[in-house]
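I opened the notebook today to look up a few side-chain pairings, the core and some backbone angles. The entries follow in the order I made them.

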Amino acid sequence: EQRRFDEAEAMHRRALAMREKLLGPSHDHIATSLYCLAVLLHEQRRFDEAEAMHRRALAMREELLGPSHAYIAQSLNNMALLLKQQRMFDEAEAM
């Protein structure tokens with residue numbers, strides 16, 4: 001199963017790099033790639049890496065979409081779940 005995670009991660013990272021090259025540093029498709037990579041890393045219990053990707057995706061989404069978009073809620077929810085799993089309850093609740 002780990003081999004499949006490795007393949008998926010490589011594909012996500014390749015897609016992210018391509019999107020950054022083609023679209024520039026800030027675009028909703030880049031935020032989506034970051035989000036998907038964060039979810040995959042979270043599933044592998046690579047919490048520090050997942051948190052960094054979630055935070056980057058959230059910041060980009062807030063900048064591009066504003067504070068009241070459904071994707072912001074999605075990012076906040078998954079970030080809170082990640083923090084809860086790490087027993088960072090106060091920070092998770094603040095999300």
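**Entry: a pair to start with**

Which side chain meets Glu-20 in a salt bridge? I looked it up in this model, which is predicted. The partner is Arg-56, with N to O at 2.4 Å. I then checked where the two sit. Glu-20 is in helix α1 and Arg-56 is in helix α3. They are 36 residues apart, and I noted that the pair links distant parts of the chain. Glu-20 is partly exposed, at a relative accessible area of 28%. Arg-56 is partly exposed too, at 35%.

**Entry: Arg-13 and its partners**

I turned to Arg-13. Its side chain meets that of Glu-9 in a salt bridge, 2.9 Å from N to O. Glu-9 is buried, since its relative accessible area is 11% and the cut-off for buried is under 20%. Arg-13 is partly exposed, at 32%.

I then found a salt bridge from Arg-13 to Glu-49. The closest N and O atoms are 3.8 Å apart there. This pair links distant parts of the chain, with Arg-13 in helix α1 and Glu-49 in helix α3 (residues 47-65), 36 residues apart. I put Glu-49 down as partly exposed, with a relative accessible area of 34%.

I followed the links further. Glu-9, Arg-13, Arg-46 and Glu-49 are joined in a network of salt bridges. How many salt bridges does the count come to? I wrote down seven. A reminder to myself: side chains of opposite charge can pair when their charged atoms come close.

**Entry: the nonpolar core**

Which residues touch the most other members of the largest nonpolar core? I found Leu-34 and Met-53, in a core of 16 residues. Helices α2 (28-43), α3 and α4 each supply at least two residues of this core. The most comes from α2, which gives seven residues.

I listed the contacts of Leu-34, leaving out residues up to four places away in sequence. Leu-34 touches Leu-16, Met-53, Arg-56, Ala-57 and Met-60.

**Entry: helix α4**

I checked the length of helix α4, residues 70-85. At 1.5 Å a residue, its 16 residues should span 22 Å. The end C-alpha atoms are 23 Å apart, which agrees. I also looked up which residues of α4 are buried. They are Ile-72, Ser-75, Asn-78, Met-79, Ala-80, Leu-82 and Leu-83.

**Entry: positive phi**

Most residues other than glycine have a negative phi, so I looked for exceptions. Where does Arg-45 sit? Its place is in the loop between α2 and α3. Arg-45 has a positive phi of about 65 degrees although it is not a glycine. Is Arg-45 buried or exposed? I recorded it as exposed, because its relative accessible area is 53% and exposed means over 50%.

Note on methods:
Residues numbered from 1 in each chain as written. Predicted model: local features only at pLDDT ≥ 70, side-chain atom pairs only at ≥ 80, totals over all residues. Heavy atoms only, no water. Salt bridge = Lys/Arg side-chain N within 4 Å of Asp/Glu carboxyl O. Buried < 20%, exposed > 50% of the residue type's maximum accessible area, 1.4 Å probe, protein only. Helix = DSSP H or I, 4+ residues; strand = E, 2+ residues; numbered from the N terminus. Expected span 1.5 Å × (residues − 1). Core = buried A, V, L, I, M, F, W, Y, C linked by side-chain atoms within 4.5 Å. Contact = heavy atoms within 4.5 Å.
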